[in-house]
Amino acid sequence: MTGNEPPQQRVSLTPQATHQETGVAAFALHQALDEAGLGEIRPVLDDEQDVPNIKLHGIDADAATRLGHLVRKGTDENYLLAEELRHALLAHDLNGFPVPQVCGAKIALGEVSIRTADRLACILGAPPGPELDEYESPDWPESNDVFDKLNAALKATDVGVFVGMWLHSYCRRCEGDSAIELGSIKVDVARRFVKALQSAARP
């Protein structure tokens, strides 16, 4: 990209958790493990370092096996959710949308064209904007407008703003078209996204 082009726009990521937040997370994990019948696994806050972390104590072979089954069950549900999201996107003929991929406890979305992002925003209830030229890559002003439009549509439908959402403007040096990169989303956000798409599909 040339030096005259505007920088990429980025939605801020969550900052490093504090010691108190990490302690709350450790307690929440302990409760979840206890409810799953794994109370013998004790999450312990290690705050002796600059960056606090959580260690698990009391894991024998039996507890590790049961914890592994629990994690795999959750992962299987994530794969089903990713497939449900794919079908919801295809129901709106969003064929240019990448296939959602399970990435740990999140679902990775990928990069979409400005036209696909604009269509998605309209499906979610955003008002139609100026028609984008089919044969030319949208320039910075148009691309930025679509970025803001999609952000607003996601907020309005209670999906929320995707964490890790970037606007890549047209690059004259590599001739790369403008695009919006959608990062990985948490499972609860993915469920709200599916619900919003399915609601929009109803007459």
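Predicted model: local features only at pLDDT ≥ 70, side-chain atom pairs only at ≥ 80, totals over all residues.

Residues are numbered from 1 along each chain as its sequence is written, and side-chain values use heavy atoms, with hydrogens and water left out.

The largest pocket has a volume of about 260 Å³. A pocket here is an open set of points on a 1 Å grid over the protein atoms alone, where a 1.4 Å probe fits, with protein on both sides within 12 Å along at least five of seven lines; lining residues have an atom within 4 Å of a point. Points are joined across faces, edges and corners, and the volume is the space filled by probe spheres set on them.

Which residues line the largest pocket? They are Leu-29, Ala-32, Leu-33, Leu-67, Leu-70, Val-71, Gly-74, Thr-75, Asn-78, Gly-104, Ala-105 and Val-187. Two elements, α1 (19-35) and α2 (61-90), each give two or more residues to that lining, and α2 supplies the largest share, six residues. Helices are DSSP runs of H or I, at least four residues, and strands are runs of E, at least two, numbered from the N terminus. By class, the lining has eight nonpolar, four polar and no charged residues. Ala, Val, Leu, Ile, Met, Phe, Trp, Tyr, Cys and Pro count as nonpolar, Asp, Glu, Lys and Arg as charged, and the others, Gly among them, as polar.

Next, burial. Buried means under 20% relative accessible area, exposed over 50%, and partly exposed in between, with a 1.4 Å probe and protein chains only. Ile-59, in the loop between β3 (53-57) and α2, counts as partly exposed because its relative accessibility is 41%.

Helix α3 (residues 114-123) is mostly covered, with seven of its 10 residues buried; among them are Ile-114, Asp-118 and Ile-123. Just after α3, Gly-125 has a positive phi of about 110°.

Two residues other than glycine also have positive phi. Asp-93, in the loop between α2 and β4 (101-103), has phi near 60° and is exposed at 55% relative accessible area. Asp-158 has phi of about 70°, sits in the loop between α4 (140-156) and β6 (165-168), and is exposed at 57%.
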